[in-house]
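I opened my notebook to look through this structure from the inside out. Here is what I looked up.

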Amino acid sequence: MGKLKKAKKTGGVGDKASGKAAAKKAKAAKGEKKSLAKETKAVKKGKGKDEDIMGEDDLIATLEQYRQQWADEHKVTEDVVDGPPSRRANATLTACPVKDHLYLFGGEYYDGSTVQIYPDLYRYAPDKNEWRRFTSPTSPGPRSAHQIVASPAGGGKLWLFGGEFSAPNQSSFHHYRDLWCFSIETHSWERFDTKLRPSARSGHRMATWKHLIFLFGGFQDTGIRTSYLSDLWVWDTLEYKWHQIEISDVDRKPGARSGFSFLSCPEGIILHGGYTKTYEGKRVTGMALSDTWLLRIPPSEAGEIDYKKLKWEKRKKIGYAPTPRSGCTMALWSAKNMGVLFGGVSDEDKDEETLDSTFYNELFGYNISGTGRWISLPLKKKKKAGGKKRKPKVVEATPSAADREDEEMRDGSDGEGEGGEEEAKPWEVAQQAKDAMALDQEADDPDDPEKSIPFARYNAMLAVQRSTLYIYGGILEAGSKEYTLDDFFTIQLDKLDRFTCLKECKIDSAEWNGSDSGNDSSDSESGDSDDDSSSSSGEDEDEDGIAPPEDTPMPAIELEALKLTDAEQAALDAVRDAEAKEDLRKRATAFMGVSLATDRTQEDVLSTPQPGENLAKFYARSKEFWTNKAFETIGANNRGKELRRDGFSLAEEAFQQYQPLLEEIMRIQAQAGLDAEELSKGGRAGGLGAESRNRR
């Protein structure tokens, strides 16, 4: 009995413990249920009494809604457009890294009054001569003076950074500091935002080196002052991370600048040229740079680069280098490891009120390998079939009997006893004329490659794709006016035979709404000076202020004496006229380049009229020089007014020698769509220089 009681007692204790555990569990479950009820009540209270908790089906529907919204925002529209994009400057033309296409993005158009900024992205297919435009709600905003580089990774990418947006009246500017990536496969944009990144800027340059993108320089324009930058950054396309490269102050490095050339090479990155401004009180001076640097990238270990070992090395100027100029960024010809440069502008301050601007249409190449060497890239003329041409002898005019009598009287001879040169036979003269006609026709060949060269400009957009150089647009200045071009040229760099124009540009269709009031007074002043100089030149002058030449050269032999037919005579006249015009054009083109050479002596500068100068301006600029020249030549017999008149006569004689060249230069510039009145005007007697929004 005792054992039995003990067993019952033991069993009672176990039941009691089990009951307590169950009670605790029930209590915990009740508390959890109560807590859940409170949370549910709070949710219902926050969302409204009639709104229930979102179920799984509702959650899936919401996710689908977000997905559709994202798709709408990233939807790409592709349209075929007629011809190249509208007139624009400071855009980017980039060669596709995986196909034969070109991509053009952004840019601006300035008509002298307002500026319009574009957000468009275009693709050009050379094989079809076709332009397509891509639009998407998610894309970079409108901008100009930005930079884009291409990378073949991931099916092809275009990386964009920076740029600027301006108010239509240019009262305020906004500079971007965003980074975008355009997928060539999907035609969609993606933005990358990081905490560490370069400051906002425009006019910078970027270059790809393996999986890295290097960024240097640029400017920030507040509308009052332009600040230039010299910092160096690297974007890692694998880590999606910016790295700022610190170069020691004791190490050599390029100065702050914008609009320079920035090309990739096996050793690193090549930097050349650029543009900057200096401020001295209220005077702003623009400066075109011509130095060349190599950013040497050391060999990487285990695929990682030590950014602390990056060094700048300055290169010497070797070869046939272009003169200092801005607005001429080089494009990389990868097949030859060469940079290709076209166009540009150089500004020269003669004094505080005079600025001379020279525009170029030359083609240069820079061999990147080794120590670097500049070469000129002239066009090659085709060899004519038929062997070497015979050069005709020059036939001098046969003097008349009266002329022979006059000459004999001057020589004191009677014309007898001396054997004169034998006169050419008529058939010999006719054959020589025909030979000359053949040579003249060859000189006036419409297939002459020199005639295919685009006219001078700066800020043209360049890209090289499969050994073909593409040139789009640019800026052409005429005094205080800036014309934005939209012509499109190509040239085979491996042939250099001629330029091909895919689209012409008509300057007269470009509107200009800028003010020319600043030039009216200068025109009137020049008119007054014309009158003054004309009145002091003597009574023997014509109304235009230029005296006729005293001696008339003997005319060439009459064509009738050649026994040619009327058709041959007319053809010979036309050929000779064309030859004379072509020769004059070549000499005028050469004179345009020589007239502003920096190595000219002071005497050469003063004794030579400049393009765009009339006789009055030329004499006013060099009056002291010609007065001294008259004193040395004529002697000290004349004084005061007579000496000045003699000096003017010498200046007039020199001006008449150059007048045909000056007139031809005006015609060359007028063929670009500009009239003589526009060419004679200038904000500072020749150009805008640092005052232009395109000189930054």
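I started at I269. I269 touches A207, W209, F214, F262, L263, S264, W293, L294, L295 and I297, leaving aside residues up to four places away in sequence. Contact here means heavy atoms within 4.5 Å.

This is a predicted model, where local features need pLDDT of at least 70, side-chain atom pairs count only at pLDDT 80 or more, and totals for chains, interfaces and linings use all residues. Residues are numbered from 1 along each chain as its sequence is written, and side-chain values use heavy atoms, without hydrogens and water.

Next I looked up the largest nonpolar core. A nonpolar core is a set of buried Ala, Val, Leu, Ile, Met, Phe, Trp, Tyr and Cys residues joined through side-chain atoms within 4.5 Å. Buried means under 20% relative accessible area, with a 1.4 Å probe and protein chains only. This core has 20 residues, and F214, F262, I269 and W312 touch the most other members. At least two residues each come from β14 (205-209), β15 (212-216), β18 (232-236), β21 (268-280) and β22 (283-296). β15 gives the largest share, 3 residues. Another core lies apart from it, with 18 residues, including F342, L377, F489 and I491.

Then I checked the whole protein. I found 10 helices and 33 strands. These are DSSP runs: helices (H or I) of at least four residues, strands (E) of at least two, numbered from the N terminus. Of its 696 residues, 42% count as buried.

Last came confidence. pLDDT is the predictor's confidence in each residue, from 0 to 100. The protein averages 77, and 67% of the residues score at least 70. Over residues 554-562, pLDDT stays under 50.

How values were computed. Buried means under 20% relative accessible area, exposed over 50%, partly exposed in between (1.4 Å probe, protein chains only).
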